[in-house]
Amino acid sequence: NLDIFHDILNRRRENLYFLLGEFKRFSPYLASIKKETYEEMGPHALPIIVQDQAKFTRNQLVNFMNSREIDTRNLFPSMPTQCPGFGFMGFKLGDFPQAEYIGENGLHVSVHQDLGIDECKYILQVLEEFIEKYT
C-alpha cells in the first residue's frame, strides 16, 4: 500500500541511522557503511563486516547473535568469482578482493519498520557483549 510507504521508509531509516550512529564503538573489529550528509538511504538492513583485526569469525558472530534471538543473513558473495553460475565469465578468485572479502566476512541485520529503538539498543548490546567476549 503506497499510503504507508513513507512511514515504513522513515522507520527503517530511523533504525539504520540510530545503529550507524552507535556503530563506531565496535571499530576496529566490525565495520559498516557510512551515511553521507548529501544522501538518504532506503535501507532494509544494517551491513556488518568482520575486520581483519578481529579474533573471531563471521560464523561465530552469527551464532552468538542467533543465540540471542537476532536473525542475520550473510552479505552477498562476489558474483563473478564466488557464485558458480557466473563461472562462464572467466574471472578467478582474487580478481575482486574487496568484494570477495565482504562475501566471506559480511552479514546483515534487519532494520525492519516494526523494530524500534529498544530493539536496536538490544542489537548493539549483543554486539558489545560479543566483542567483549572475544577481545
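**Ground rules.** I number residues from 1 along each chain as its sequence is written, and my side-chain values use heavy atoms, without hydrogens or water. Because the model is predicted, I ask for pLDDT of at least 70 for local features and 80 or more for side-chain atom pairs, while totals for chains, interfaces and linings use all residues.

**Entry 1: α1 and α5.** I took helices (H or I, at least four residues) and strands (E, at least two) as DSSP runs, numbered from the N terminus. Helix α1 (residues 5-23) packs with helix α5 (residues 117-134) at an angle of about 30°, and their axes lie 10 Å apart. That makes α1 roughly parallel to α5 (angles under 35 degrees count as such). I fitted the axes to C-alpha atoms over the stretch in contact, with angles from 0 to 180 degrees between N-to-C directions.

Next I looked up who meets whom, with contact meaning heavy atoms within 4.5 Å. From α1 come Asn-15, Phe-18, Leu-19, Glu-22 and Phe-23; from α5 come Ile-117, Cys-120, Lys-121, Ile-123, Leu-124 and Leu-127.

**Entry 2: His-108.** I found His-108 in strand β4 (residues 106-110). Is His-108 buried or exposed? His-108 is buried, at a relative accessible area of 14% (buried is under 20%, exposed over 50%, with a 1.4 Å probe and protein chains only). Leaving out residues up to four places away in sequence, I noted that His-108 touches, among others, His-44, Pro-47, Asp-71 and Arg-73.

**Entry 3: α4.** In helix α4 (residues 97-105), I list Glu-100, Gly-103 and Asn-105 as the buried residues. Their cover includes β2 (45-50), α2 (58-67), α3 (79-82) and β4.

Key: Angles under 35 degrees count as roughly parallel, over 145 as roughly antiparallel, 65 to 115 as roughly perpendicular and the rest as oblique.
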